[in-house]
Amino acid sequence: MIRIFLFTALIILGLHAVEIPTAKATKRAFFQNVKLNAQIIQLPNAKQSIMSQVSGHIEKYFIKAGQKVKKGQKVVLIESITISKMTSEYISQKKQLIAQEKNYEATLALYKKGMTSLQALNRESITKDGLLAKLNALKSQLSILGIKTSKLIRASAKFILYAHSDGIVSKISLPTHSSVSQNTQIISLLKDKAYYLKSFLPLEYAPKIKIGQKIVMHENGKNIISQITQILPNVDATTQRIVLLSSIDKKAQNLFINAYTSATLYFGASKSFISIKKSALSFFDNEWVVFIPIDAQGDEIPYEVRVVEPVIADESFVGVKGLDEGEEYVSDKSYYVKSMLLKSSMGDGD
Amino acid sequence: MVTKMLNSLIDISLKYKLLVITLFLTISAFGYKAYTEIPVDAFPDITPKQVVIYTESPGNSAQDIEKLITYPIESAVSGMAGVKLIMSNSIFGLSYVSIFFEDKYDIYFLRQLVSERLASVSIPNGWGKPVLGPNTTGLGQVYWYQVKDTTGKYSLREIREMQKYIVTPLFKSVAGVEDVISWGGDRKQYDLLIDTKKLQDVSITYGDIVNALQKSNQAAGGQYLEFNREQYLIRGAGLYKSLEDIRNTVVKSTAGQSVTIGDVATVQSASAPRFGAVSIDGDEAVMGMVLQRTATNAAKVVEQIKEKLPTVNAALPKGVEISTIYDRTEITHKAVNTMTSALASGVVLVAIVLFLFLFELRSAFIVIISLPLSLLIAFLLMDYYGVSANLMSLSGLAIAVGMIVDGTIVIVENSFRKLHEEPDADKLSVISDAAKEVAVPVTFAVLIIAAVFIPLLSLDGLAGKLYSPMALNIVFVMLGSLAVALILVPTLSLLLLKPTGSSENAVMRAIKKGYTPFLNYALNHAKPILVGVTLLFVVLAYILTLQGREFMPTLNEESIMYRVIAIPGTGLKHSTEISKLIEKHILKNYPNEVSSVLSMIGRSEKGETAQANYMEVLLTLKPKIQDLDALTKKMNKDLQSSFTFVQFISTQPIAMRIEELLEGVKAELAIKIFGDDQKVLDKISKEIQSALSSVDGLEGMELESQLGQATINIEPDYLALARYGITVDEVMTLIRNGIGEESVTQKIEGIRRFGIVAKIKDAKKDIQSIKDVTLRAKNGSIVTLEQICNITVKQGASFIKRENLSRYMLLSMEVEGRDIASFVQEAKEVIKAKVSIPDGYYITWAGDFKNMQEATQRLMVIIPITIFLVILLLYTAFNSLSKAMLILINVPFGFIGGIIALVVSGIYLSVSAIVGFLAIFAIAILNGIVLVSFIDELRVKFPDVDLKTLLKDATLLRLRPVLMTAFTTLFGILPLLYATGVGSEIQYPLSVVITGGIISSTLLTLLVLPAGYYLLYKKRR
C-alpha cells in the first residue's frame, strides 16, 4: 500500500518536474510544395497572345503586323458598349453619391438641432453607404480593364488595350471594324527573347500539376515568380522527369541562360485535415502515436496512447487520421510521456 | 617418523642457537623488504581470463552487425581449447564479442590464439575490422582525468584533439598502461556538403565524387636521381594540404573544362557523428581513462602516471591542464589501511592478552616476538608467490593473528611449566623435552588449520579469485608460525626462560576456582550434556538453513555513483541534456556534500557497449561526510522523484565493474531468456515481469529491452532500380558515405588525421528529407531515394545479445529486505505456474546469485573432502580413529556459537560468513588437540590414576593454554569486528561468526570434551 502511494507521489512529482504541454487537434488546410531543380532557358519565337478583355467593336489598330512593340505600348482601340455602360453608370453613380452626401449633411445638421429623428438620419446614412459600395465595385472593375476612374469625367465607349510585354506583332487576327467578344485573341505577339524556367519534376507528382501553378525560383537570395505555361508531353529522356515550362514575366536582372537553379513548385491548397503539431508524434511499438491526456485513478498514468496515421505534412504540422477534431493531445515533449509509459511497464518502483 | 623428524629438528635448532637466531634475523630483514615492496591493491585481481573482440562498424544497425560481423566471429572462435563461454552484443555501430577462457591459460597465449582465428573471419568490405580489446583487467580503469581548459579559449573539439594527440601518447608511454580511452567532446572532420541537385547541372554522379576523392590525396616515392655526384630524392607530395586542394579536386573533365568538387559542394570543417559525451557540473567536457595492463599493479601505475603529470601539463597549451577525477589508489589505500590497522591493533591486543595470562615478561616476549616474525615470513611468501596486499589477503592475516601464536603458546607454556616443575634439571634437556612433548600436536594443529582453508583455494570463478588470496595468506602465516614455533621458540626459551616461583598468577587461579565445579558437574553428567549439546547443534543447524544467503556483502567504497537509464532510443543530445540537469540538481541540493558531478553518456571510443540512453553519473564527495549511507538513501529517493522519466540505479565505481564482470550482467540477480525470435523473447520477459511483480522482496525490475529502436528502413526496390539504371551498390554507398558520414579519405595534418566526408546536404533534417535525397544515375536519371526504395519506419532491435551463439534477453532484478536464494526459489515456482514458455525457449538465472550457487555447490563437495583430510591428519597424529572423532566433535561446539552469533546479528550467510565457519572449524580442532593430547600424555604417565580424576587434573592444567589460544584468537579478530573503514563490511560477517564460535568452542571444549573422553574410555580401563 505504501509503495503504491509512493509511486503515485512519484508520478505526480514527476509531472511537476516536466511540464507537458497539450493542444487541441484542429482542421487545417495543407499547402503542398515540392523543391525542384530548374534551368533558366530562353526560348525564341515564343508566342504570346493579346486578348480582348471586353466585347465590342474594333475601332483602330495602333500597330501593324511585323512591327516591334514594347511593353505598355498602345495596341488597339475598341469601342465597347459595355465600357460605355460602365463609365456612364460610374459617372451617374458618382453624381448621385455627391447629392446623397449633401442630403445626409443636411439631415445631420437638422438632427443635431433636434429637428428630425435618428431613424431619418440612419436612413440617409444607409442610402449613402449603398451608393458608395456600388461605386467602389464599378471602380475596381474599371481599374482591372486599365481605366483610371479619377480621370473619368464623361461616359466613353473607348477602350484601349496595351501590350503586356515586348515582342514582334506576328499576326492580327481580326480586321478593323469587326466585332469582338470577350476573351478572344486579337493579336499574336512573338517574343524574341523570352526567359523560361525549365523545371524537372518527379513523375509521381504528375496528377497534381496544372497550367498556371506558381513556380518560385530562388536565385541569389531573390525569389522570382513564374507561372507554368506548358507541360511538355515528353518526359526528359535522361533525367526521367516531367518537364515544366514556366515563363518569367518580369525582366529580371542577371539571369544567365542555361544556369541551373533551385525552385519550388506550389500546388495550391489541398484538402483540410485534422492536424497536430509535428512535435507530438512519437514512434511507439512499431506505430506512430500521439498521447491523449486522460483522467487517471490511483497509480495509473494519465495518458492514453493513440495510434494515428500521418497523411500529409508540412514544416511543423502533420495531418493525421485517428484523431477527432478538438481532441486534446500532448503537443510537445511526448518523449517524457513515452518514458513514463515504458518505465511503468518495466515495473519500476513497484 | 614425524615425531623423529620433529625431534631432530628441535635438537638441531637447540644446538646451533646462533645460527638459528641469525637465520631468523635474516628472514625478518627480507620479510620487511618484501613488506615494503609488496604491490598494493584494493581487491585481488578478479578478472576472468577473457579476450574481447570488438568491431567498429559505424552507422550500421544491430541486426546487420549480428548477421555480418558477430556471427562469423563467434563461429570462428567457438570450439577453441579452453573456451568456457562466448558472449556477444551487437549494437548500433559495434559488434562486441567476449570470450571467457578457463583460468589456467596464459592471457598472451590466448590472445595469440584468438588473433589467429580472427584471421580466418571474413567480413564484408567496408564493415569494419575486428580488433582485440585492450589487455586490461575488469578493474583496469585506474585513473580518470579531465583535460580542463581554465581559460575558456579552446573549443571541446580542440581539447579533444589535445587529449588524443598530446595527453594520450604521453600517458601510454608509462609502464603498465595498456591504453588510454578518450571520452567526450567531439572529433573534427571535413565535410563536403554536396547539393545533390547540382549533380544534374554538371552531369556527374555521387559515386564520381567519392572516386575523385579516393584518387586524389595520395603520396608516392620516386626513388632518387644522381646529379653532380650527389643523390636527390624524389617525392610525390600529393596529399591534401588545404581545404582549397579539396575544392580544386577534379571530378570530371571534358575537353579542357573540368568540374571540381568546389563546383558541387561546400567544403568546411565540422564534427563527426558521436556516440558518447561527458559532462561535468553541467558543462560538456573531455575526459580520459587510463587502462592498466593485466598483471600490473594499479597503485604503481597510478603513481607513475602522477609522476608524468608535470610533463603532460607542460606539453599542453597554457591554461589547459589535467585534473584528476578518479584515482584508484585512494580506495586502495583506504582499504589497505583498514586492514593494516585491524592487523596492528590485533597484534597489540594479542600481546596484552598474552601478558595477562602469562604474567611473566620473558615468556610473553617469546610469544609476542613470534607474531611479527610469522607475519614477516608470510609477507616473504606473498612476495615470492606474487600475492598482492589487498583487502582480502590482508584480512587473511588479520584473521590468523590470533592463531599464529597458538603453536608458540603451547610450546612456551609447556617449557615454562616444566622448568617450574623441575627447577634442578638440566635446562637444555627440560626445554628440549618440553618442546618435543608438544611438537607433534602443534605441527598437526597448524597443518590442520592450513588444511581447513584449502577449500577456499578450490573455489571457482569470482568467489575463488576473491577468497583464495585470503586462504593463501592464512596458509602462509600458519606455516611461518610453525617454523617459528619449532625452530626459534625452543632456542629462545632456552636462552630467555627462567624457572620462577610460581607458574600461576592470580588471574589464572581465580579462573580455575570458578571453573572446577562446572567441570565436576560435566564429568558426572557426561551423557545428558553430550545429548543436550548435540540436540542444540541439530536445532541450530536447521535454523542456519533458514538463514538468508548472499554472495558477498557490498564493499563500501565511500563514493556514490549512479547508472541512469533513459528509454531505449533516446538520442545522445537529449541524454546529455538530462545529465546536465541531474548534475545541476545534485550540485544545487547537496552543496555541502558533493563537490563535483561527472556524467558519462553513451560510450567512449573503444569497445564499450552502452547506448546513448545509458549514463553513468559519478559524484565526487566532499571529505568528512558523517553518514554516507543516509545520504545515499536520501539522494536515491530525491533523484528518482525529481527525474521520473529515467531510472536510477545506485552503485559504486568498483562495485559496478565487478557487477559487469559477472558475465555481462550488471545486476545482483537476473533472468536470461534464451531463444531465436526477439519478439517472442520480449513477450516472455514481459510475462515473467508481471508474474514476478507480486513476489515479496522485489525492489526493482528492469527489462533490458532489446527492441524499441525506431529504424528507418531503406529497402531497394529492384524493379525501380532497373528502371533508372542504378545499382544497389550506388544506393548503399550513398547511404553509407552520404548519409552515414563514413569518411572517404583522410586529411593528414602532421600526425593528426581527420576524415573527409562526402556528406549530402540537409539529408538528416527529418524523415522526409531522407526520402528526398536525390541520386543521379550514370545515365543521367535523377531519382529520389523514395522513388527507388521502400522507405518505412519500423521498430527494430537496439541491440542483440547472444551467449554461446544463442540470442537472449535479460531481465534484471533488485532484491531488498530478503535474501536472494529464497527469492529465487519462490520466483522459480511463480514462473513455473504462471508463465508458459514455448518450445525452443528457456530461461536461466544469472548474476550474483549464480556465483553464490556455484560456490555453495563446490563447497558441498570440498568440505567433506576437507573433513576427511582433517580426520586423516588427526588419525596420523593420535593413531586412533576414536580420538580423531572425539576431537572432531569440537567442531559442532564451535558452530553452535557461530550460528547463534549469525542469527542474532541478522547477517546473511555469505561466503564471508562461510570463511568464518572454516576458521571456527580450525579453532575448535586446535582446542581439541591441545586438550586430548595432554590427557593422553598424562594417561601414559599415570596409568593407575582414576580416569575421572585424571581428566579433571589434565583439563585444569591445560586450562591456561586453551584459554590463551582462545583469547588470542578472539582478540585478534576483534579489531575486524569493530573496524569501520573501507572494506570492513566485507569482513564483518566473518568476524561475527568467529567471535561467536570461539566463545562456544572454548566453553564447550573445556566442559564437554572431558565428558566425551570419559564416556569413550571409561569402559576400556
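Predicted model: local features only at pLDDT ≥ 70, side-chain atom pairs only at ≥ 80, totals over all residues.
Me: Which residues touch the most other members of the largest nonpolar core?
Reply: They are Ile448(B), Ile449(B), Tyr467(B), Met478(B), Phe921(B), Ala922(B) and Ile925(B), in a core of 163 residues.

Me: What is Ile449(B) in contact with, leaving aside its neighbours within four places in sequence?
Reply: With those set aside, Ile449(B) contacts Met403(B), Met478(B), Ala922(B) and Leu926(B).

Me: And what does the second core include?
Reply: That core is separate and has 83 residues, including Tyr336(A), Val142(B), Val320(B) and Tyr614(B).

Me: Which of them point which way?
Reply: Ala194(A), Tyr196(A), Lys198(A) and Phe200(A) point one way from E11(A), while Tyr195(A), Leu197(A), Ser199(A) and Leu201(A) point the other way. In a regular strand, side chains alternate between the two faces of the sheet. In E11(A), the residues pointing either way are all buried, Lys198(A) and Ser199(A) included.

Me: What does E11(A) pair with?
Reply: Strand E2 of chain A, residues 26-43, runs antiparallel to E11(A) and is joined to it by 7 bridges. Within that pairing, Ile41(A) has Tyr196(A) as its bridge partner. Strand E14 of chain A, residues 242-247, also pairs with E11(A) in the antiparallel sense, over 6 bridges. There, Leu201(A) is partnered by Ile242(A).

Me: What is the strand order in the open sheet of 3 strands?
Reply: The order is E16-E17-E18 in chain A, with antiparallel pairing. Strands E16 (282-284) and E18 (303-307) each have a single partner strand, so one side of each is left without a neighbour in the sheet. From one strand to the next, the twist averages 50°.

Me: How many bridges link E17(A) and E18(A)?
Reply: Strand E17 of chain A, residues 287-293, pairs with E18(A) over 5 bridges. Val289(A) stands opposite Val307(A) of E18(A).

Me: Now helices. How do H7(B) and H23(B) cross?
Reply: Helix H7 (residues 206-215) and helix H23 (residues 728-739) of chain B have axes that come within 10 Å and cross at roughly 60°. The two helices are therefore oblique to each other. The crossing is left-handed.

Me: Which residues make the contact?
Reply: H7(B) contributes Tyr206(B), Gly207(B) and Val210(B). From H23(B) come Glu730(B), Thr733(B), Leu734(B), Asn737(B) and Gly738(B).

Note on methods: Residues numbered from 1 in each chain as written. Chains lettered and ligands numbered in written order. Core = buried A, V, L, I, M, F, W, Y, C linked by C-beta atoms within 7 Å. Buried ≥ 20, exposed ≤ 12 C-beta atoms within 10 Å, placed from the backbone. Contact = placed C-beta atoms within 7 Å. Helix = DSSP H or I, 4+ residues; strand = E, 2+ residues; numbered from the N terminus. Pairing = 2+ DSSP bridges. Axes fitted to C-alpha atoms, helices over the stretch in contact; angles between N-to-C directions. Parallel < 35°, antiparallel > 145°, perpendicular 65-115°, else oblique. Left-handed = near helix turned anticlockwise from the far one by under 90°.
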